[in-house]
Amino acid sequence: MSPAEYNAYNSAINQTTPQAKAPALEAYLTAYPQSAVKESVLEQLMGAYSAFDPAKSLDAADRLLQVSPNNVRALALETYFRLTGADSITDPTAKQAALDKAADYAQKGLAAPKPADMSADDFAKLQAQLKPGFYRAIATAALAKKDAATAVTNFKLAIASVPEADTSKPGLTLQDTYELGQAYYQMTPPDYVNCTWYASRAANFAPEPYKSQMLPLAKYCYKKYHGGDDGYDAVTTAVQANLNPPSGFTIKPAPSPADIVANVIATTPDLSTLAISDKEFILANGKPEDTAKVWDTIKGKSVQIPDALVIESSPTVLKVAVSDDAVQSKTSDFTFNLTPPAEAKTPAQEAAAKKAADEIAAATAVGSKVTLTGTYASYTPSPIMITMSDGAVVLPKKTPAKPPVHHTTHR
């Protein structure tokens with residue numbers, strides 16, 4: 001360096017605040033664009049801007065990567081600011097593009113070779129500092145586009161890149177732990193056990209209000225797998241002492257629908273007394289030998305069913321919702337094949353038949369609730385549909401008109 005360049009360089013790097021250092025470094029680069037220490041100056045410029053102007057910090061990183069495409073610090077800064085900048089983007093397409101850009105810089109950062117002027121030990125220490133951020137960016141971009149497998153792999157690598165003692169401290173690693181639980185939940189099919197574990201660990205160590213935001217996912221995954229929240233305290237205890245599920249850790253799964261059916265069959269002395277919704281559940285989910293036992297109690301028997309919700313209506317067939325679940329979801333679970341009316345032979349009979357047909361049509365309009373009679377004929381289990389023969393609509397009885405009351409005047 002010439003004395004003038006040395007003085008300018010020395011003055012710039014010795015500024016005591018980032019706000020003063022950044023313009024001084026810019027002035028130096030403008031005066032000496034081919035400086036032998038240009039890469040080092042751009043690194044310092046990038047660091048100075050990062051304290052108060054992310055946009056200019058990214059610009060400095062861009063310039064640094066033009067000079068040194070594998071500069072790992074520049075790649076780390078690009079990754080960090082592009083990842084955090086994506087948080088404020090509301091357009092889904094633009095947001096995903098920003099996340100993918102961050103992930104691209106992260107991949108380059110992980111693949112960056114050791115600089116020639118850096119010792120292997122120093123480079124290893126630098127990598128250890130930067131790897132969690134690189135893995136986090138790749139995982140976050142993957143999770144946003146439902147690539148759960150890639151997200152799981154990279155969130156686990158991010159967490160494993162941090163000393164285990166630091167994984168229980170509030171911060172980005174704890175957030176990564178929660179996001180790992182989210183990634184397990186988004187897998188196909190969801191991995192409820194690992195979702196429970198990592199979301200519970202994050203919630204256990206997170207301060208409020210984050211604890212209350214994380215806990216619902218942990219308990220949801222637990223209930224989905226176990227069938228209830230009993231025993232969840234054991235998970236809370238285990239995650240306090242372990243980053244990952246220890247060998248032998250299990251959550252008892254909820255009984256399968258077939259197991260539930262078998263238990264109902266074994267503990268119900270008279271299967272004919274079961275509610276319609278219970279019979280439907282058994283017919284839809286039981287083993288053949290169990291469904292046969294229930295069907296034998298109703299096949300060929302005639303019943304009257306009140307308050308059936310009409311889903312589809314025609315003069316010959318009614319599809320209705322009977323069970324609570326069917327009514328709630330407005331899906332039919334019974335088909336009534338209506339018995340055709342007797343043939344009318346006289347004008348009076350024709351008029352009576354037309355009147356009855358009109359009344360039935362009004363009573364069975366879609367969305368109405370109606371009382372029906374019929375005989376159990378057959379069923380299909382998935383989706384459950386019970387077919388009734390000899391169906392008939394029971395119209396409400398008309399209240400006879402009261403005769404007029406005559407008052408006698410007494411004198």
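Analyst: Lys125 is partly exposed, at 48% relative accessibility; buried means under 20% relative accessible area, exposed over 50%, and partly exposed in between (1.4 Å probe, protein chains only). Asp121 is also partly exposed, at 47%. This is a predicted model, in which local features need pLDDT of at least 70, side-chain atom pairs count only at pLDDT 80 or more, and totals for chains, interfaces and linings use all residues. Residues are numbered from 1 along each chain as its sequence is written, and side-chain values use heavy atoms, with hydrogens and water left out.

User: What do the side chains of Lys125 and Asp121 form?

Analyst: Side chains of opposite charge can pair when their charged atoms come close. Here the two side chains meet in a salt bridge at 3.4 Å, N to O; the term requires a side-chain nitrogen of Lys or Arg within 4 Å of a carboxyl oxygen of Asp or Glu. Both residues lie in helix 7 (residues 120-144), 4 residues apart, about one turn of the helix. Helices are DSSP runs (H or I, at least four residues), numbered from the N terminus.

User: Which parts of the chain does the pair Asp176 and Arg136 link?

Analyst: Asp176 and Arg136 form a salt bridge at 2.9 Å, N to O. This pair links distant parts of the chain, with Asp176 in helix 9 (residues 172-185) and Arg136 in helix 7, 40 residues apart. Asp176 is buried at 2% relative accessibility, and Arg136 is buried at 12%.

User: How many salt bridges are there by this rule?

Analyst: The count is 11.

Terms used:
Helices (H or I, at least four residues) and strands (E, at least two) are DSSP runs, numbered from the N terminus.
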